[in-house]
Amino acid sequence: MRVAGRVRISAAALWQPSGRARAVDAVGNGSLAQVDAREALCDEVAVSVPGGPPAWEMGLQACRHALSEVTLPASEVDFLSYAGMSATKEIPASPVHRLARLLGVNDGVAVGVDQMSSGGDMALHTAVSALLTEPRTRHAIACTGINTDGLPYDRWITAPEVVLGDGATAVVLCRDRGALSIQSIGRAGCAEMELAYPRFHPFRPVPPGLGEQAGTLDFMRNATAIRETTGRAVDQALADAGATSIDRVRLVCASRIRPRTIQLLVQGALPPTLRDRVLPLGQTTGHLGPGDTLANLAEVLDRDLLAAGDLALFVGLGAGFTASALVVKRL
């Protein structure tokens, strides 16, 4: 999708709960091998404590933080898209509408996205589309939340590939205000992988016999298909960003999973000139389910990692399989 700077990111926020799960404890109780602990992206992640806020309420907190950064009243938000993941059934039945009401988006349209780890990327895509196609949409929010309280297995058994962390993200979008302008979005899917990846539901008990193979999450078995699908999304985004976009990409951010896995699945899908520009992010969060891309946007802005005129490429991966690529420009 060619956006050509017609939508800007006005603000981006990451919110995390206060609980912590540490790799050293998992090694101590035998859930995690020391070699896997060394290979994992992070050595601790934020987790929701029992009785803590559900995923949608964490998303509400992230939205409030993002809106406060641009002093934008929630009443001026015309479109809100939310992607959530939860280990247990959440109340209410439609979290996005509860979130919108408590935030104060009373007259805006609220849309829920259910697409696993690519949910935040699709929420962003939906919000950008609303701004591009509906003149009455002045401001939009894309947000995510993940709550793994009640996870039926030790979260560290899926390390080093993935360590699930809890938290929420939000980005505020408009047409004429913000430090990052969206140049393009690319998306690609491979539905043939639906039966093969992953072999178990991330919030259900690990099936008997899977055992130590849980950590691979079938990344290696499906590496070629994932890499090819990711490459198609990246190629679309770079093409739609313009003929000279590759030369101006200073930074590539990908899903918050093990760097060695990103090297295999993402770096191999990039044009050769971009393969040494991948910046591992997520050392303090782990994998935020649908929130990785939005969290990466928040961190790039917070750390001021781009100079004026620079481009950045954000790559998202989601079970199913779906890949997304987002190109933004620092103004």
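1. Met1 lies in the segment before strand E1, where helices (H or I, at least four residues) and strands (E, at least two) are DSSP runs numbered from the N terminus. The model is predicted, local features need pLDDT of at least 70, side-chain atom pairs count only at pLDDT 80 or more, and totals for chains, interfaces and linings use all residues. Residues are numbered from 1 along each chain as its sequence is written, and side-chain values use heavy atoms, with hydrogens and water left out.

2. Met1 counts as partly exposed because its relative accessibility is 27% (buried means under 20% relative accessible area, exposed over 50%, partly exposed in between, with a 1.4 Å probe and protein chains only). Leaving aside residues up to four places away in sequence, Met1 touches His125, Val128, Ser129, Leu132, Gln183, Ser184, Ile185 and Asp240; contact means heavy atoms within 4.5 Å.

3. Helix H3 (residues 55-69) has 15 residues and reaches 22 Å from its first C-alpha to its last, close to the 21 Å expected at 1.5 Å a residue (the expected span is 1.5 Å times one less than the number of residues). Its buried residues are Ala55, Trp56, Met58, Gly59, Leu60, Ala62, Cys63, Ala66 and Leu67. They pack against strands E1 (2-15), E4 (79-86), E6 (139-147) and E7 (167-174), and against helix H4. Just after H3, Thr71 takes a positive phi of about 45°.

4. How do H3 and H4 cross? The axes of H3 and H4 (residues 95-103) come within 10 Å and cross at roughly 40°; axes are lines fitted to C-alpha atoms, for helices over the stretch in contact, and angles run from 0 to 180 degrees between N-to-C directions. The two helices are therefore oblique to each other (under 35 degrees is roughly parallel, over 145 roughly antiparallel, 65 to 115 roughly perpendicular, the rest oblique). On the H3 side, the contact is made by Trp56, Gly59, Leu60, Cys63, Arg64 and Leu67, and on the H4 side by Pro95, Arg98, Leu99, Leu102 and Leu103.

5. Helix H6 (residues 223-241) has 19 residues and reaches 27 Å from first to last C-alpha, close to the 27 Å expected at 1.5 Å a residue. Among its buried residues are Ala223, Ile226, Thr229, Ala233 and Leu238. The elements covering the buried residues of H6 include strand E8 (180-189), helix H8 (259-265) and strand E10 (311-318). Just after H6, Gly242 takes a positive phi of about 120°.
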